[in-house]
Amino acid sequence: MGAQPPASVPPPPAPAGQPLQAPAAPPVAPPAAPPVQMPEEYTPTARDLPVITRTDTLVDHPSVLAAQEPAPAPEGLGPLYVVGDVHGYYDELRAALEAEGLIDADGTWAAGNARLWFLGDFTDRGPDGIGVIDLVMQLSAEAAAAGGYCKALMGNHELLLLGAKRFGDTPVQSGAGTASFQAAWLLNGGQKNDMDRLEDHHLQWMARLDAVMEEDGHLLVHSDTTAYLEYGASIEEVNDTVHDVLTRSDADEVWDLFRKFTKRFAFRDEAGAQAVRELLDAYGGNRVVHGHSPIPYLLGEVGGEDGEDDGVAVDGPHVYADGLAIAMDGGVTMAGKLLVCQLPLAG
């Protein structure tokens with residue numbers, strides 16, 4: 001994850017694989033949030049993180065050309081687009097979709113038979129997560145009527161919000177002791193406004209989201225982890241297993257699913273390409289496309305000594321792991337860019 005965030009950004013990291021935990025006891029009138037245990041994989045995304053200056057993450061990276069060409073679009077269907085993590089940034093999402101010609105100025109589907117996939121994480125941290133979900137649900141109906149489609153994947157923050165609503169402060173067992181979904185949701189940017197506006201149809205929609213899908217040779221997932229392999233040997237099996245876990249509604253079982261879907265950086269280092277190939281061998285496709293881990297942290301390069309936030313220089317998706325992985329989280333929660341891109345990427 002590169003440089004440590006400045007002292008003003010809580011909290012410190014904890015052992016790898018562990019989701020965020022609430023403190024054992026409430027702090028005594030602290031001026032800031034108390035220190036909490038955080039997994040090594042977790043990336044804070046407060047707006048006062050250091051500035052990212054690297055700009056060579058664009059799609060003309062040489063590794064793009066080395067990857068296999070994706071399959072052509074199915075007959076009768078239009079171009080394929082993907083959207084990175086939105087995290088409640090409704091206005092930024094509207095602007096990005098309109099810039100790509102997917103919606104009009106009124107926020108209505110304008111792309112005919114195009115296909116649009118959201119990679120998960122619609123809520124938390126940003127101001128209007130429920131507005132984002134409402135927009136995606138609206139576009140799903142409008143796109144289907146126009147001969148295209150708009151679909152979405154399950155992100156770890158969907159699991160977190162579902163858990164917070166269903167289980168609240170019910171204790172769950174984690175590797176670092178007892179925790180709860182409510183505490184973890186608040187520590188991960190949960191917004192009271194979203195919880196107050198959350199209705200049954202939002203919960204039902206989130207619980208039915210798939211975890212993995214393949215389109216035109218692109219394996220779409222939310223998290224850059226191989227933990228999906230623990231839930232099935234095929235795309236259908238993974239999605240069925242995730243749906244079954246949510247249907248059974250066992251707090252500890254859902255917590256374990258959430259914990260595994262928070263893991264990240266499996267594709268980033270020397271063994272990254274092999275990790276990608278494990279997923280591709282199991283589920284098909286030529287390249288993995290994911291969100292979850294902000295591109296600045298995948299790059300591991302930060303700039304600025306005073307921690308002032310002048311913006312994050314991410315102009316497009318990041319292609320890495322020998323050209324086999326495409327990262328789509330542009331870091332909108334840290335003044336980066338909400339990415340909406342057409343696939344395959346242009347060479």
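Predicted model: local features only at pLDDT ≥ 70, side-chain atom pairs only at ≥ 80, totals over all residues.

Reader: How many helices and strands does the protein chain have?

Author: The protein chain has 11 helices and 11 strands. Of its 347 residues, 54% count as buried. Among contacts between residues at least 6 apart in sequence, 78% join residues at least 24 apart.

Reader: Let us turn to the strands. Which strand is joined to strand S2 (residues 115-118) by 4 bridges and contains residues 149-152?

Author: That is strand S3, and the two strands run parallel. Within this pairing, Arg115 has Tyr149 as its bridge partner, and Trp117 stands opposite Lys151. Strand S1 (residues 80-83) is also joined to S2 by 4 bridges, again in parallel. Here Val83 has Phe118 as its bridge partner.

Reader: What kind of unit do S1, helix H2 and S2 make?

Author: They make a right-handed β-α-β unit, in which H2 covers residues 90-99. S2, H3 and S3 likewise make a right-handed β-α-β unit.

Reader: Which residues are in contact with Leu97, leaving aside its neighbours within four places in sequence?

Author: Leu97 is in contact with Val83, Leu102, Ile103, Leu116, Phe118, Leu135, Leu139 and Val340.

Reader: How is a pair of aromatic rings described?

Author: One gives the distance of the centres and the angle of the planes. In this model the count comes to 8 aromatic pairs. One of them is formed by Phe181 and Trp255, with 5.1 Å centre to centre and 80° between the planes. This pair is edge-to-face, because an angle over 60 degrees is counted in that way.

Reader: Why does the pair of Phe181 and Trp255 tie together parts that are 74 residues apart in sequence?

Author: Phe181 lies in helix H5 (residues 181-187) and Trp255 in helix H9 (residues 251-261), so the pair ties these separate parts together. Phe181 is buried, with a relative accessible area of 0%, and Trp255 is buried as well, at 1%.

Reader: What pair do Phe181 and Phe258 form?

Author: They form a tilted pair, with 6.2 Å centre to centre and 50° between the planes. This pair links Phe181 in helix H5 with Phe258 in helix H9, 77 residues apart. Both Phe181 and Phe258 are buried. Together with Phe167 and Trp255, they form one aromatic cluster.

Reader: Where do charged side chains lie over rings?

Author: Lys151 lies over the face of Tyr149, at 4.3 Å from the ring centre. Elsewhere, the charged end of Arg264 sits over the ring of Phe265, 5.8 Å from its centre.

Note on methods
Residues numbered from 1 in each chain as written. Heavy atoms only, no water. Phe/Tyr/Trp six-rings, centres within 6.5 Å; stacked < 30°, edge-to-face > 60°. Buried < 20%, exposed > 50% of the residue type's maximum accessible area, 1.4 Å probe, protein only. Lys NZ or Arg CZ within 6 Å of the ring centre and 35° of its normal. Contact = heavy atoms within 4.5 Å. Pairing = 2+ DSSP bridges. Right-handed = clockwise from strand over helix to strand, strands pointing away.
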